[in-house]
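The following exercises concern one protein structure. Please examine its sequence and model, and then work through each solution in order.

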Amino acid sequence: MKFFADTADTVAIQDLEDTGLLDGVTTNPSIIAKSGANFLERIAEISKICKGPVSAEVAATDYDTMVKEADKLASIADNIAVKVPLTEAGLKVCKGLRDNGTMVNVTLCFSAGQALLAAKAGASFISPFVGRLDDISQDGLGLIEDIVTIYDNYNFKTEVLVASVRHPMHIIDSAKIGAHVMTCPPSVIKQLYKHPLTDKGLAAFVKDWDATGQSIL
Ligand code: E4P
């Protein structure tokens, strides 16, 4: 499973890059607003740190403006994946960009039918939002299962990018289902390290080692 960081925080992105855990980055207008950064400059910075796909989202919702914005975003770096909303105009933009070889991440997916449309439009990634579905008592992971099954049935090349991931079980369950990618805040990736028996075991090893009075160096 590929790990994308859902953030525009370059320090956190560099930190994950240094661990070898980072396969890509996703941003959205809310994440950019929260960062307080200049959008185009920050995307350029991120795309230098992370060699994998860096998602940058169009702001417009009409076809003509989305095309212009998409072209500008795609020109920032070769590893930009232009993010478009799952609307009729968004999928039309997706088709045009894919015909020109630009990566596209179709976002705001909340149903299997929408995911089917995105795959037919040639999306590189489909982003179903599991957390936001869970928030309204709908089955986010059930949607991931449905999309993975449908894409497998027809050998679609679109990668299932699980988005709106809120906790480690979203990651583990998505991996069990076979989703290709997940994106989440770096803090959630860091939670995967944690196990009380690891902490307890390490403390015991350190104590027992100290008792030997030896030094490796
Ligand atoms: C990423 O591509 C999505 O925009 C993001 O995961 C949404 O997360 P949220 O539902 O926590 O805002």
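A residue is buried when its relative accessible area is under 20%, exposed when over 50%, and partly exposed in between, with a 1.4 Å probe and protein chains only. Helices (H or I, at least four residues) and strands (E, at least two) are DSSP runs, numbered from the N terminus. The model is predicted, so local features need pLDDT of at least 70 and side-chain atom pairs count only at pLDDT 80 or more, while totals for chains, interfaces and linings use all residues. Residues are numbered from 1 along each chain as its sequence is written, and side-chain values use heavy atoms, leaving out hydrogens and water.

**Exercise 1.** Determine how many residues of strand β4 (residues 80–85) are buried.

Solution. Six of the six are buried, so β4 is largely enclosed by the rest of the structure. Next, consider the directions: I80, V82 and V84 point one way, and A81, K83 and P85 the other. In a regular strand, side chains alternate between the two faces of the sheet.

**Exercise 2.** Identify the strands that pair with β4.

Solution. Two strands pair if DSSP finds at least two bridges between them. Strand β3 (residues 54–57) pairs with β4 in the parallel sense over four bridges, and E57 stands opposite K83. Strand β5 (residues 103–109) also pairs with β4 in the parallel sense, over five bridges; here V84 has V106 as its bridge partner.
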